[in-house]
Amino acid sequence: MKKHNFYAGPSVLPQFTLDETGKAIKDFAGTGLSILEISHRSKQFVAVVDEATALFKELLNIPEGYSVIFLGGGASLQFCMVPYNLMNKKAAYLNSGEWASKAIKEAKFFGEVVEVASSKDKNFSYYPKDYVVPDDVDYFHITTNNTIYGTQLRKDIDVKVPLVADMSSDIFCRPVDISKYALIYGGAQKNLAPAGVTFVIIKNDILGKFDRKIPTMLNYKTHIDKESMFNTPPVVVVFSALQTLKWLKQQGGVAAMEKINKQKAELLYNEIDRNPFFKGTVNKEDRSWMNICFVMNNGYEAHEQEFLDFASARGMIGIKGHRSVGGFRASTYNALPVESVQALVDTMKEFEKLKA
Ligand SMILES: *Cc1c(COP(=O)(O)O)cnc(C)c1O
């Protein structure tokens, strides 16, 4: 049976990425060696890093004056690397979910954190708006897509201070005006590659603005100067990321992705709103294109496990909601085909018929 992969992360990857990675595990770039056993200093792998960096810049239309680096440690390490490198005394954070809360916790090790707004009062079921960012902070940190709760900010906001964004789960889902950001980071395992690499896009001139001794590995400058090769990068994962970037370009880039993602999201949200057995969990205008959360409608709560079993018997994998929301979550990242969303919608319709 065809499986439809709705996991939130690690998650579905383009077939192209899987095929090319598979081939490279047997024979990488005609070397007669596996990518698993190649030196990261080999000219063939250095070419992979260079091409991945260049394609990353091309696809996101990253202006001059920015660097792209690939690091280890997950997006979670960025929760401390960002303040380590950018916070002199004070920073502002928007608390839009669990990952934002974790970022705030780490920032507090480095100075004063102003939480400008939070949607915690309603279990993060909306994206906070109408807040004021103080002028005297070193940066303002946002999480553009809340993977767990299914809310998303799909516009590039204007603020007077450097803007930092965790885009772990929605990078490459739409064109982004990079010039509005000082730094963007994300773990690759949601929309780009297997787990093990974190991308960081940095405006070079925001670094080195104050004196703090930063350990070498945690200093962005180290990795910018060494072009992501200060120490051994996750070789295979960077190779896979490059394949996804090539696939993205071949699909028509982020503008094409935006269209398809919108279409996929509308397809599923329309069914959630139409089908009497289900309902959405978040404010409609803040609905994510990447993580679509829903629950059994009022009166049908007892059918939750039944629907999960029903859906999994039809090949729907990974739709159980995060424990802090319950219900269901269908992650609809770039690599998830429209047919998979249609299959889930058909499953929901079938369930309705069966119960009616
Ligand atoms: C998954 C996720 C993280 C954590 O990523 P790790 O790579 O596991 O550290 C952080 N932020 C967001 C928005 C995420 O979705």
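User: Which pocket is the space taken by the ligand?
Analyst: Bearing in mind that this is a predicted model, the space taken by the ligand is the largest pocket.

User: What is the volume of the largest pocket, and how many residues line it?
Analyst: The largest pocket has a volume of about 400 Å³, and its lining is made up of 29 residues, with A8, G9, W99, T147 and K190 lying nearest the centre.

User: Now the ligand itself: how many residues surround it, and which are the closest?
Analyst: The ligand is surrounded by 13 residues, and the closest of these are S76, T147, D166, Q189 and K190.

User: What distances do you get from ligand atoms to N or O atoms in the side chains of T147, D166 and K190?
Analyst: For T147, a side-chain N or O atom is 2.4 Å from an oxygen atom of the ligand, while for K190 the corresponding distance, also to a ligand oxygen, is 2.7 Å. With D166 the ligand atom is a nitrogen, which is 2.6 Å from an N or O atom of the side chain.

User: And how much of the ligand's exposed area does the protein bury?
Analyst: Taken alone, the ligand exposes 390 Å², and 88% of that is buried by the protein.

User: Switching to the backbone, what kind of peptide bond joins G9 and P10?
Analyst: G9 and P10 are joined by a cis peptide bond, with omega at about -10°. P10 sits in the loop that runs between strand 1 (4-5) and helix 1 (15-26), and G9 is among the residues nearest the centre of the largest pocket.

User: What about phi at A29, positive or negative?
Analyst: A29 has a positive phi of about 50°, although A29 is not a glycine, and its place is in the loop between helix 1 and helix 2 (43-59).

Methods:
Residues are numbered from 1 along each chain as its sequence is written. This is a predicted model: local features need pLDDT of at least 70, side-chain atom pairs count only at pLDDT 80 or more; totals for chains, interfaces and linings use all residues. Side-chain values use heavy atoms; hydrogens and water are left out. A residue is near a molecule or strand if one of its heavy atoms lies within 4 Å of it. A polar contact is a pair of N or O atoms within 3.5 Å; within protein, one must be able to donate a hydrogen and the other to accept it, and residues adjacent in sequence count only if both atoms are side-chain atoms. Accessible areas come from the Shrake-Rupley method with a 1.4 Å probe; for residues, only the protein chains shown count as cover. On a 1 Å grid over the protein atoms alone, a cavity is a set of points where a 1.4 Å probe fits but cannot get out, and a pocket is an open set with protein on both sides within 12 Å along at least five of seven lines; lining residues have an atom within 4 Å of a point. A molecule sits in a cavity or pocket if more than half of its atoms lie within 2 Å of its grid points. Grid points are joined across faces, edges and corners, and a volume is the space filled by probe spheres set on the points. Helices (H or I, at least four residues) and strands (E, at least two) are DSSP runs, numbered from the N terminus.
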